[in-house]
Amino acid sequence: MPELPEVETVVRSVAPHLVGRTILGASFTSRFVTPGDRDALAAHLAGAVIHGVERRGKFIVIELDGGTLAIHLGMTGKLLVDGTRGPHAHGIFELDRGTLIYDDPRQFGRIEFSEHLPERIARLGPEPLSIGVEDFVRAFRSRRSLAKPLLLNQRFLRGLGNIYADEALFQARIHPRANSSRVSHARAAALHQAIREILTLAIEHRGSSISDYVDAQGERGGFQLLHRVYGREGEPCPNCGRPIRKILVAQRGTHYCPACQRA
DNA sequence: CAGATCACCTGCTTGC
DNA sequence: TGCAAGCAGGTGATCT
């Protein structure tokens, strides 16, 4: 569910409520979201002061005075400030002012505490809004991978998911199954630019709400109204009017225009 | 290294 | 109407 713009929106909406707060106590109920010793995790958190909240790719990194709390929202994870405690509230953080709830029906998300930055985060690729065009073009063209799975690979680039990969490839007119090593320098540079523009615009619109994504105040995003191919199978291409097609690439539903995005 | 397949979960939609 | 199959914003293990 949540990709870079959604996670960024969550971080921005949750940070003012967390920074400077003390975690009085925490409790966890899912053996999937919080693998391992859940009581030990709660013990680590009790009494900790929150110094900062930031995004790394799709991870939410909460800096505590005793270590780092890393939260990944998976497909359906939500962080809610003073929200209602539903049947899928698998993490409860009681603060000295307010309550933070982690809600996740599918339980693909993860909440992990570590003294130092977790390996999963340390090995992420560059931030798409930070990497320069020449570095991106060089990295993209030096791989021999299908274009879309490469964009989804978090060790190549952190933060893109199924929606924004489709949207960026459409804007750059690259076929999702194109071989990255055979994409021209100019086209790869266009992809870099497309990624930047789309992510920036999506953040301005507070992310995409397909079904249930909401920020920490429970508000939906608006970027789904601006999707040009994602979720628009059969609708006319905004460029040429031919119907958008949906195919399977690397086991993921993939939306593209067969006329505008040549292989 | 690249790619396919499967697995982890719940819930909503689709099709017979 | 009812039920089973299929699909969903993600990631990682394993095998070829």
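In the predicted model, Ile92 has Ile101 of strand S7 as its bridge partner. This pair belongs to the pairing of S6 with S7 (residues 99-103), which runs in the antiparallel sense over five bridges. Strands S6 and S7 are in turn part of an open sheet of four strands, arranged in the order S1-S6-S7-S5 with antiparallel pairing. Because S1 (23-28) and S5 stand at the edges and each has a single partner strand, one side of each is left without a neighbour in the sheet. Direction ignored, neighbouring strands of this sheet are turned by 15° against each other on average. As a general point, the strands of a sheet pair through backbone hydrogen bonds, and the pairing may be either parallel or antiparallel.

In general, most residues other than glycine have a negative phi. Asp82, with a phi near 55°, has a positive value, and this residue lies in the loop between strand S5 (78-81) and strand S6 (89-95). Asp82 is partly exposed, because 14 other C-beta atoms lie within 10 Å. Gln251 is found in the loop between strand S9 (245-249) and strand S10 (252-256), and it counts as exposed because it has 7 C-beta neighbours inside 10 Å.

Gln251 is also one of the residues that surround DNA strand B. Grouped by class, the surface near DNA strand B has six nonpolar, three polar and three charged residues.

The helices were considered last. Two packed helices are described by the angle between their axes and the distance between the axes. For helix H1 (residues 4-18) and helix H7 (residues 185-204), the axes come within 9 Å and cross at roughly 40°, and the crossing in which H1 passes H7 is right-handed. On the H1 side, Leu4, Pro5, Glu8 and Thr9 meet Leu199, Ala202 and Ile203 on the H7 side. The residues of this contact divide into five nonpolar, one polar and one charged.

Val137 is found in helix H4 (residues 133-142). This residue is buried, because 21 other C-beta atoms lie within 10 Å, and the cut-off for a buried residue is 20 or more. When neighbours within four places in sequence are left aside, Val137 is in contact with His185, Ala188, Ala189 and His192. Val137 and Glu63, by contrast, are 74 residues apart in sequence and 33 Å apart in space, C-alpha to C-alpha.

Technical notes:
Residues are numbered from 1 along each chain as its sequence is written. Chains are lettered from A and ligands numbered from 1 in the order in which they are written. This is a predicted model: local features need pLDDT of at least 70, side-chain atom pairs count only at pLDDT 80 or more; totals for chains, interfaces and linings use all residues. Helices (H or I, at least four residues) and strands (E, at least two) are DSSP runs, numbered from the N terminus. A residue is buried if 20 or more other C-beta atoms lie within 10 Å of its own, exposed if 12 or fewer, and partly exposed in between; C-beta atoms are placed from the backbone. Two residues are in contact if their C-beta atoms, placed from the backbone, lie within 7 Å. A residue is near a molecule or strand if its C-beta atom, placed from the backbone, lies within 6 Å of it. Ala, Val, Leu, Ile, Met, Phe, Trp, Tyr, Cys and Pro count as nonpolar, Asp, Glu, Lys and Arg as charged, and the others, Gly among them, as polar. Axes are lines fitted to C-alpha atoms, for helices over the stretch in contact, and angles run from 0 to 180 degrees between N-to-C directions. A crossing is left-handed if the near helix is turned anticlockwise from the far one by less than a right angle, and right-handed if clockwise. Two strands pair if DSSP finds at least two bridges between them.
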